[in-house]
Amino acid sequence: MKTTDTPPPADLPTPADRVTRPAVTKADARAPKESASGGVLNVFSHGVLVIWAFLVAMPLLWAVMTSFKNDRSIFTSPWTLPDKLHFDNWSRAWTQAHMSEYFLNTIVVVAGSLVGTLLFGSMAAYVLARFEFPGNRFIYYLFIGGMSFPIILALVPLFYVMNNLGLLNTIHGLILVYIAYSLPFTVFFLVSFFRTLPTSVAEAAIIDGASHTRTFFQVMLPMAKPGLISVGIFNFLGQWNQYLLPTVLNTDPENKVLSQGLVQLAVSQGYKGDWSGLFAGLVMAMLPVLAAYIIFQRQVVAGLTAGALK
């Protein structure tokens with residue numbers, strides 16, 4: 001009996017016609033949900049940042065706007081733009097309120113203390129970070145403890161120490177106090193930064209005959225420039241706005257700094273009513289801080305993230 005092969009039905013695909021289709025995984029199914037939740041989170045985070053920026057920027061802009069108004073406009077229309085720019089507010093605050101003298105004293109004190117803080121802090125941090133010796137960790141933890149010690153508890157003994165040394169009511173005495181006040185945070189910050197720097201560069205300098213001092217100042221210190229700028233900005237902000245230390249240790253009217261001058265100017269408003277001059281003096285004290293942060297904001301971010309990236 002002769003048998004013949006029956007052809008496959010027409011509706012069934014042949015093996016050659018079969019096309020493999022990719023299987024739908026659970027990860028592909030979750031992708032739209034994750035992207036949607038991520039978008040909602042981004043919108044929420046950006047909304048919070050916008051609100052925070054508004055709360056920070058509005059008082060600053062309002063203070064700048066008010067510094068160009070007269071006293072009557074400040075009370076009658078506080079939220080409107082000034083009818084004209086009253087630059088006499090700034091000149092009156094600069095000359096009659098002695099803001100020029102306070103400004104100069106503050107620049108001298110902050111410049112001297114900032115240079116001393118970065119110099120001594122970087123030297124101490126480099127030794128603690130790169131050399132092993134007995135008592136290394138103990139000294140490091142002493143600096144850490146200095147960060148947690150409230151300065152208000154040291155005001156009374158510090159007053160008598162400064163008085164016995166003849167440094168009370170002096171510019172250089174205030175500079176030394178600012179340096180001692182800022183050293184713990186500076187050493188803590190720079191120790192972590194110096195540990196991230198490559199040791200091979202310092203070893204190569206030593207092999208070439210450089211001393212430890214030359215290696216530090218000519219090799220390691222330039223490499224630590226981002227960290228120095230970052231900690232310098234933080235110290236500048238803290239020392240520029242310092243009020244408690246100069247109030248206790250600097251009572252001489254000729255040596256008063258800007259924060260003391262602003263308080264004295266605010267107290268005098270009860271008798272003169274020169275509110276426009278007060279806002280002008282406030283903006284004068286605020287502008288250097290804003291300018292320093294705007295100029296060095298990239299260096300601050302680079303210094304803060306350098307330890308994490310290396």
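**A guided tour of pockets, patches and loops**

Begin by selecting helix α7, which supplies seven residues, the largest share of the lining of the largest pocket. The model is a predicted one, in which local features need pLDDT of at least 70 and side-chain atom pairs count only at pLDDT 80 or more, while totals for chains, interfaces and linings use all residues. Residues are numbered from 1 along each chain as its sequence is written, and side-chain values use heavy atoms, with hydrogens and water left out.

Helices here are DSSP runs of H or I with at least four residues, numbered from the N terminus. Together with α7 (171-196), select α5 (136-148) and α10; each of these supplies at least two residues of the pocket lining. A pocket is an open set of points on a 1 Å grid over the protein atoms alone, with protein on both sides within 12 Å along at least five of seven lines, and lining residues have an atom within 4 Å of a point. Of the 18 residues that line the largest pocket, Gly-146, Ile-151, Ala-180, Tyr-181 and Ser-182 lie nearest its centre. The space inside is about 440 Å³, a volume being the space filled by probe spheres set on the points.

Next, select Thr-106, Val-109, Val-110 and Tyr-178, which are among the residues lining the largest cavity. A cavity is a set of grid points where a 1.4 Å probe fits but cannot get out. The largest cavity holds about 30 Å³ of space. Which helix gives the largest share of the lining of this cavity? Helix α4 does, with three residues.

Now move to the surface and select Ile-51, Phe-54, Leu-55, Met-58 and Leu-61, which form a nonpolar patch with about 530 Å² of accessible area together. Within this group, Met-58 lies in helix α1 (residues 26-66). Met-58 counts as partly exposed because its relative accessibility is 34%; the class lies between buried (under 20%) and exposed (over 50%), judged with a 1.4 Å probe and protein chains only.

Finish in two loops. Select His-98 in the loop between α3 (88-95) and α4. Phi of His-98 is positive, near 60°, in a residue other than glycine. Then select Asn-169, found in the loop between α6 (155-164) and α7. Asn-169 is not a glycine either, yet has a positive phi of about 60°. At 24% relative accessibility, Asn-169 is partly exposed.

Key:
Patch = residues over 30% accessible without salt bridge, like charges linked within 9 Å, V, L, I, M, F, W, Y side chains within 5 Å. Areas by Shrake-Rupley, 256 points an atom, 1.4 Å probe, with all protein chains shown as cover. Salt bridge = Lys/Arg side-chain N within 4 Å of Asp/Glu carboxyl O.
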